[in-house]
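Here are my notes on the model, as numbered points. Have the structure open while you go through them.

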Amino acid sequence: CAGAVALLDPDEDLPAQQHSYHPVSNEELETILDTLPQKPLLAGEAEVRLSLAGAQNKLALFYDENGFALPLHESPSSHIIKPEAEAFPGLVENENYCLRLARIVGIPAAEAEPLVLGKHRCLLVRRYDRQWEGNQLVRLHQEDFCQAMGVPSRLKYQSEGGPHLSHCFDLIRKASSRPAKGLIVLFEAMLFNYLIGNNDAHAKNFSLLYVPSGDGVQVELAPLYDLVCTISYPGLSPKMAMKIGGKYLPGELRLRHWEAFWKEIGFSVKQAQRQTRQFLEKVEQNLLDAAGSEIEEKIQSIISERLFNLHRTLG
């Protein structure tokens with residue numbers, strides 16, 4: 001249970017929390033990033049209590065027009081800084097490009113922008129699980145698909161006993177307040193991950209978001225995050241995190257595998273073909289110019305090749 005947990009007497013009211021933050025300069029932030037591998041999430045820093053999942057080093061902060069600040073006590077953060085790992089050059093441009101393209105083609109995705117702090121190239125990601133109520137920043141509850149299905153995080157990959165894509169679609173049918181919309185978004189998200197070569201789209205990289213509304217809480221598929229073209233890094237696995245039509249390797253996909261996948265997730269072949277063609281056209285029309293970055297040119301080439309292959313597969 002990631003986040004703030006309070007154990008209280010049943011008759012006791014939740015104590016009011018006054019949010020407090022400690023401003024930090026860019027220079028101080030650079031020093032924090034220098035020590036992040038040794039002190040993940042600022043472990044041991046007085047009054048700083050943060051919880052972020054994932055293998056990559058991350059730093060949760062509050063950020064507004066006044067600059068950066070560290071959340072103190074149980075105060076919520078508003079942004080996440082993801083410094084680029086030396087082992088994956090161009091990762092910031094990679095993820096920023098993929099997130100931006102996702103939003104352009106109509107897939108809800110986290111908002112992000114590149115940031116340079118001294119020697120550190122970073123991605124500054126705005127948290128979608130936050131909203132303002134008056135002048136107070138509040139948390140929105142979310143749970144990734146592993147949490148929602150009661151699957152331990154160590155089993156996030158299908159090959160290790162984790163969820164299949166069919167389980168993900170079943171979860172949307174069961175849990176979403178608007179399952180018809182959620183199924184289409186998840187379908188397009190799956191296609192998008194295939195097109196950009198994101199082989200790390202496992203069950204913990206999809207989440208449900210619980211959004212307060214006038215008549216209670218709306219449950220919806222959370223905006224996509226951790227969108228990366230992983231196949232641009234030779235050392236990473238060539239296998240997809242979840243099978244499509246019984247295949248882990250994208251190069252082995254034929255029409256019969258796509259058709260088997262569509263049936264597995266409860267879509268008719270005719271409906272899925274139409275939806276796929278429409279989405280491919282949308283990506284083609286909005287494919288971003290590479291803007292000169294080597295990694296972006298590489299991703300664009302991968303997407304173009306997969307668009308061509310999938311068009312040919314569909315006939």
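1. A definition to start: buried means under 20% relative accessible area, exposed means over 50%, and partly exposed is in between (1.4 Å probe, protein chains only). On that scale Asn96 is buried, with a relative accessible area of 10%. Asn96 sits in helix 2 (residues 91–104); helices (H or I, at least four residues) and strands (E, at least two) are DSSP runs, numbered from the N terminus. Contact here means heavy atoms within 4.5 Å. Setting aside neighbours within four places in sequence, Asn96 is in contact with Ala112, Glu113, Pro114 and Leu123.

2. Some housekeeping before going on. This is a predicted model, where local features need pLDDT of at least 70 and side-chain atom pairs count only at pLDDT 80 or more, while totals for chains, interfaces and linings use all residues. Residues are numbered from 1 along each chain as its sequence is written, and side-chain values use heavy atoms, with hydrogens and water left out.

3. Next, take helix 4 (residues 165–175) and helix 5 (residues 179–196), which pack at an angle of about 155° with their axes 8 Å apart. Axes are lines fitted to C-alpha atoms, for helices over the stretch in contact, and angles run from 0 to 180 degrees between N-to-C directions. Angles under 35 degrees count as roughly parallel, over 145 as roughly antiparallel, 65 to 115 as roughly perpendicular and the rest as oblique. Helix 4 and helix 5 are therefore roughly antiparallel to each other. On the helix 4 side the contact is made by Leu165, Cys168, Phe169, Ile172 and Arg173, and on the helix 5 side by Pro179, Gly182, Leu183, Leu186, Phe187 and Met190. By class that gives 9 nonpolar, 1 polar and 1 charged residues. For the classes, Ala, Val, Leu, Ile, Met, Phe, Trp, Tyr, Cys and Pro count as nonpolar, Asp, Glu, Lys and Arg as charged, and the others, Gly among them, as polar.

4. What about the nonpolar cores? A nonpolar core is a set of buried Ala, Val, Leu, Ile, Met, Phe, Trp, Tyr and Cys residues joined through side-chain atoms within 4.5 Å. The largest has 71 residues, and Phe145, Phe187, Phe192, Trp258, Phe261 and Ile303 touch the most other members. Helix 5 gives the most to this core, with 11 residues. A second, separate core has 14 residues, including Ile32, Leu33, Phe68 and Leu124.

5. Not counting residues up to four places away in sequence, Trp258 touches Met190, Leu191, Tyr194, Ile244, Leu253, Leu310 and Thr313. Trp258 also belongs to a helix pairing: Leu255, Trp258 and Trp262 in helix 6 meet Leu310, Thr313 and Leu314 in helix 8. The axes of helix 6 (residues 255–264) and helix 8 (residues 294–314) come within 9 Å and cross at roughly 85°, so the two helices are roughly perpendicular to each other. The residues of this contact divide into 5 nonpolar, 1 polar and no charged.

6. Two backbone angles to check. His73, in the loop between strand 3 (67–72) and strand 4 (79–83), has phi near 55°, a positive value in a residue other than glycine. Asp226 also has phi near 55°, and lies in the loop between strand 11 (216–221) and helix 6. His73 is partly exposed at 33% relative accessibility, and Asp226 is partly exposed at 22%.
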